[in-house]
Amino acid sequence: MPSSTGQTDRVPTGIPGFDNLVEGGFVRGSTYLIAGQAGSGKSIFCMQYILEGLNRGETCVYLSLEQKIEEFLRDMSGFEWGAAMRKYYEDGKLIVVSAEPTSIKDLQDISLAYIGRVQATRFVLDSLTVAALGWKTSSMDPGKVRSEVFSYMRTIESTGATALFICEIPEGDAKKISMFGFEEFIVDGVVVLRYMTLGQAGNRTIEVRKMRRTKIDESIHTLEFSPKGIRVSD
Ligand SMILES: Nc1ncnc2c1ncn2[C@@H]1O[C@H](COP(=O)(O)OP(=O)(O)OP(=O)(O)O)[C@@H](O)[C@H]1O
Ligand SMILES: [Mg+2]
């Protein structure tokens with residue numbers, strides 16, 4: 001039986017400084033919310049997570065509901081590892097999918113098809129918020145949305161992939177850590193990214209809010225951005 005004392009199978013994130021906060025990485029086969037306001041670094045966090053998997057010889061799926069594939073690759077080109085990511089994409093190790101699912105069922109079918117096709121071990125959905133925008137305005141009642149999102153996450157979990165779901169935190173509501181208020185309860189862990197303006201200067205932070213089977217470092221840390229990507233510092 002795995003325990004939180006070190007025998008749990010961990011997935012290193014590749015984000016310098018992050019794994020120290022969570023006993024070495026994400027729990028293999030679990031689901032995580034990467035939550036933050038616009039421009040807080042959610043996509044870059046997830047790209048670096050995918051890059052680490054690729055560097056370890058894994059195959060990975062990045063499902064983007066916001067960007068076309070070319071836009072995704074162009075965004076990465078500003079980083080030192082941008083060219084390496086493009087090569088992984090061209091070699092078929094990185095699957096980038098650009099889609100506009102019309103329902104949770106549709107989203108699930110697309111996700112499963114691509115994960116299954118390459119036996120992906122790392123999966124990113126960018127973002128759950130965009131996916132859910134259509135459902136929210138539909139006639140579905142909130143209870144049904146919750147149970148369907150829960151079912152979607154369990155289905156992704158059943159593939160064995162370690163999955164990150166990006167989630168937008170609405171502006172101006174600093175206490176919230178998700179869009180709908182239930183996502184944080186149905187995942188195994190939550191990472192919150194924040195962009196705070198202190199006078200003229202901006203200050204980016206990262207915080208692990210929960211992680212099952214893990215003793216977490218609960219403090220708020222600074223997130224540094226550079227051409228190497230992001231890194232967690234004190
Ligand atoms: N090469 C770079 N060097 C330093 N900082 C960068 C670089 N590229 C991007 N950034 C910073 O990263 C931020 C965007 O990060 P990212 O796209 O991951 O955010 P996000 O949370 O996904 O945003 P959104 O909600 O718009 O999708 C930019 O606002 C920019 O300040
Ligand atoms: Mg983004």
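The legends below describe several close-up views of a predicted model. Local features were taken only where pLDDT is at least 70 and side-chain atom pairs only at pLDDT 80 or more, whereas totals for chains, interfaces and linings use all residues. Residues are numbered from 1 along each chain as its sequence is written, chains are lettered from A and ligands numbered from 1 in the order in which they are written, and side-chain values use heavy atoms, with hydrogens and water left out.

**View 1. Helix α1 and the glycine that follows.**
Helix α1 covers residues 42–55, where helices (H or I, at least four residues) and strands (E, at least two) are DSSP runs numbered from the N terminus. Its 14 residues, at 1.5 Å a residue, should span 20 Å, and this agrees with the 20 Å between its end C-alpha atoms; the expected span is 1.5 Å times one less than the number of residues. Of the 14 residues, 12 are buried, so that α1 is mostly covered, the term buried meaning under 20% relative accessible area, with exposed over 50% and partly exposed in between (1.4 Å probe, protein chains only). The buried residues include Phe45, Met47, Tyr49 and Leu51, and also Lys42 and Glu52. After α1 comes Gly57, with a positive phi near 85°.

**View 2. Gln67 in the loop between β4 and α2.**
Gln67 belongs to the loop that joins β4 (60–64) to α2 (69–76), and it counts as buried because its relative accessibility is 18%. Apart from neighbours within four places in sequence, Gln67 is in contact (heavy atoms within 4.5 Å) with Phe72, Asp75 and Ser98. With Asp75 there is a polar contact between the two side chains, at 2.7 Å; such a contact is a pair of N or O atoms within 3.5 Å, where within protein one must be able to donate a hydrogen and the other to accept it, and residues adjacent in sequence count only if both atoms are side-chain atoms. Val97 is 30 residues from Gln67 along the chain, and the C-alpha atoms of the two are separated by 9.3 Å.

**View 3. The packing of α2 with α3.**
Helix α3 (residues 82–90) packs with α2 at an angle of about 150°, and the two axes are 8 Å apart; axes are lines fitted to C-alpha atoms, for helices over the stretch in contact, and angles run from 0 to 180 degrees between N-to-C directions. On the α2 side the meeting residues are Ile69, Glu70, Leu73 and Met76, and on the α3 side they are Gly82, Met85, Arg86 and Tyr89. These residues divide into five nonpolar, one polar and two charged, with Ala, Val, Leu, Ile, Met, Phe, Trp, Tyr, Cys and Pro counted as nonpolar, Asp, Glu, Lys and Arg as charged, and the others, Gly among them, as polar.

Helix α4 (residues 104–118) packs with helix α6 (residues 142–158) at an angle of about 5°, with the axes 10 Å apart. This makes the two helices roughly parallel, a description used for angles under 35 degrees, while those over 145 count as roughly antiparallel, 65 to 115 as roughly perpendicular and the rest as oblique. The contact divides into eight nonpolar, four polar and one charged residue, and among its members are Leu107, Ser111 and Ile115 in α4 and Val145, Glu148 and Ile156 in α6. Gln108 lies in α4 and is buried because its relative accessible area is 18%; beyond neighbours within four places in sequence, it is in contact with Ser151, Tyr152 and Thr155.

Most residues other than glycine have a negative phi, and most peptide bonds are trans. Gln119, in the loop between α4 and β6, has a positive phi of about 55° although it is not a glycine, and at 61% relative accessibility it counts as exposed. The peptide bond from Asp126 to Ser127 is cis, with omega near 5°, and Ser127 is placed in the loop between β6 (122–126) and α5. Thr129, within helix α5 (residues 128–136), counts as buried at 6% relative accessibility and, not counting residues up to four places away in sequence, touches Ile166, Cys167, Glu168 and Met179.
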